[in-house]
Amino acid sequence: MATLDTPAAAMAVSYSREQVCRTALRWIAGIVAVGLAGHLIVLLWAQHEFTPVEPLVVLHSNMFAQGEGLYWGVNRYPYTISAYGPIFYAVSGYLHKLGVPAYQSGRILAFGALLAALRLCWLCLGYLTRNRYAQWAAVILAASTSNILYWGTTGQVDLLGCCFSLGALAAFLKFRERADTKALALSGALVILAVFTKQTFVAAGAAIGLTLLREDRKRAALWIAGVGLAGGGIASGLNALTRGGFFADAIFANINPFAWFKLGQQAQYLTLTGAGVILTAVAGAWHCSRRTAPVYLYAGLAAGVWLMTAPKIGSDLNYQVEMMLALAICAGCALDQLAFFPSLFTARQTWVTLLQMPLLLHVALNVLLTVRVVAERVIREPFKARETNVLRAYVHRPGRVLSVQYDSLVYERGRLEVEPLIYSLLVRGGLTDPAPVLRDLETRQFATVILADNVFERATAPQDLEHGTLTAAQLDAVRDNYKLIGPVDGPYGVYVYEPRNN
């Protein structure tokens with residue numbers, strides 16, 4: 001009869017532990033899938049903005065699809081900038097033109113990119129390890145991260161850019177695994193698509209280029225030259241086509257002032273919601289091999305991009321998404337390299353098995369955050385709908401409209417004239433001449449002005465750079481030439497002005 005000390009008994013105990021772990025992973029994956037499904041239902045149901053930027057993306061996409069172009073420059077109407085590359089604007093705009101509702105066009109695109117990004121996490125690890133448990137762990141860690149789900153269900157560009165970047169990384173890993181030159185060429189094309197979705201998605205391209213330089217300088221030179229020339233040619237062509245508007249909007253106008261407190265805020269959130277993944281990835285970095293080096297390099301470069309861009313005025317938690325996806329892949333690599341699962345199955349006495357604690361805490365905390373986000377979106381929807389419905393009568397009037405509330409513009413105008421936040425930053429930076437808008441306010445060319453403040457109570461312009469407003473002279477023009485209709489209650493609370501009769 002076998003005892004606990006015999007190999008057969010040890011194998012039976014190991015198998016039993018593996019079964020328990022497999023069952024636990026299935027349950028966790030099921031819970032995460034419920035979170036994804038909840039977000040999907042809400043994104044299809046909700047008819048109003050999830051973030052202040054989302055309606056701007058919708059408006060720019062629709063204006064492009066209606067033939068009004070993109071990248072208008074910074075010194076003519078409409079006083080706004082198309083801050084990203086053209087890909088998301090074009091696809092979501094034409095989806096709406098084909099009949100998909102305005103907000104759902106961008107959200108469906110983002111959600112599809114989220115699912116593709118999770119699949120690409122699996123594929124990337126498939127080229128690095130044959131450990132299916134490590135693959136599942138990485139995908140679960142990514143899919144459970146509330147911040148990734150939040151932006152993967154919001155009609156903004158981030159997940160599409162991440163999808164292209166991860167696709168480039170997966171194609172490059174396939175090239176390294178199988179010497180497939182077509183996959184290397186595909187990686188270059190996907191890097192270009194990522195950058196022309198959002199300009200900050202350069203980490204994957206940089207990681208691929210640097211890895212090639214270390215492993216095959218001749219091929220690296222050809223790849224870097226090809227990607228650089230193709231990307232530069234496309235950018236130059238876009239700039240020529242838009243008469244300088246592409247560089248003005250997507251590059252120069254995007255250099256916002258820094259506020260270092262924003263980096264502190266982002267770091268606090270990252271520590272709270274990502275510490276388990278970061279800890280696991282760092283633990284595996286000491287065992288990083290030539291095989292896994294590109295993934296760790298990609299994560300490091302993505303973290304560097306985040307550090308350089310997170311303090312920007314207007315930045316939000318979407319700046320963390322690419323880094324967190326990369327770190328989830330690194331965490332999967334770490335679990336494989338540290339033999340986490342074999343150690344767990346055999347109850348081996350090692351510090352490695354302690355990693356289950358931060359990882360389970362990561363999943364638990366982020367699942368709770370996901371529940372909170374979904375609930376907040378559901379609760380907030382009727383309040384946003386009420387505010388937008390009240391404002392629709394005011395923004396429907398003929399003539400120019402200046403509004404800090406963009407949701408009503410999506411439904412009543414499909415375009416905007418002035419985006420107060422970016423406009424005020426451009427004026428402060430000396431890139432935009434405030435005279436045309438001032439003149440139109442003085443001559444009452446705006447049929448409606450909707451601001452976040454009561455200008456008759458506030459003597460000076462707000463000093464908060466993230467507070468969308470006008471210059472002091474323009475606010476004086478509103479006081480002199482417009483009357484206050486009244487405040488409109490809502491998630492933001494806005495004040496409506498119309499021209500005086502005298």
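**Figure 1. Lining of the largest cavity in the predicted model.** The largest cavity is lined by Asp158, Lys198, Thr200, Phe201, Ala302, Val305, Trp306, Thr309, Asn318, Tyr319, Glu322 and Met323. The structure shown is a predicted model. By class, six of the lining residues are nonpolar, three are polar and three are charged. The volume of this largest cavity is about 110 Å³. In total, the structure contains five cavities of 30 Å³ or more.

**Figure 2. Helices contributing to the cavity lining.** At least two lining residues of the largest cavity come from each of H13 and H14. Helix H13 spans residues 293–309 and provides the largest share of the lining, namely four residues. Helix H14 covers residues 321–337.

**Figure 3. Packing geometry of helices H7 and H14.** Two packed helices are described by the angle between their axes and the distance between the axes. Helix H7, comprising residues 158–178, packs against H14 at an angle of about 40°, and the two axes lie 10 Å apart. The two helices H7 and H14 are therefore oblique to each other. Their crossing is right-handed.

Technical notes. Residues numbered from 1 in each chain as written. Predicted model: local features only at pLDDT ≥ 70, side-chain atom pairs only at ≥ 80, totals over all residues. Heavy atoms only, no water. Axes fitted to C-alpha atoms, helices over the stretch in contact; angles between N-to-C directions. Parallel < 35°, antiparallel > 145°, perpendicular 65-115°, else oblique. Left-handed = near helix turned anticlockwise from the far one by under 90°. 1 Å grid on protein atoms, 1.4 Å probe; cavity = no way out; pocket = protein on both sides within 12 Å on 5 of 7 lines; lining within 4 Å. Points joined across faces, edges and corners; volume = space filled by probe spheres on them. Nonpolar A, V, L, I, M, F, W, Y, C, P; charged D, E, K, R; others polar.
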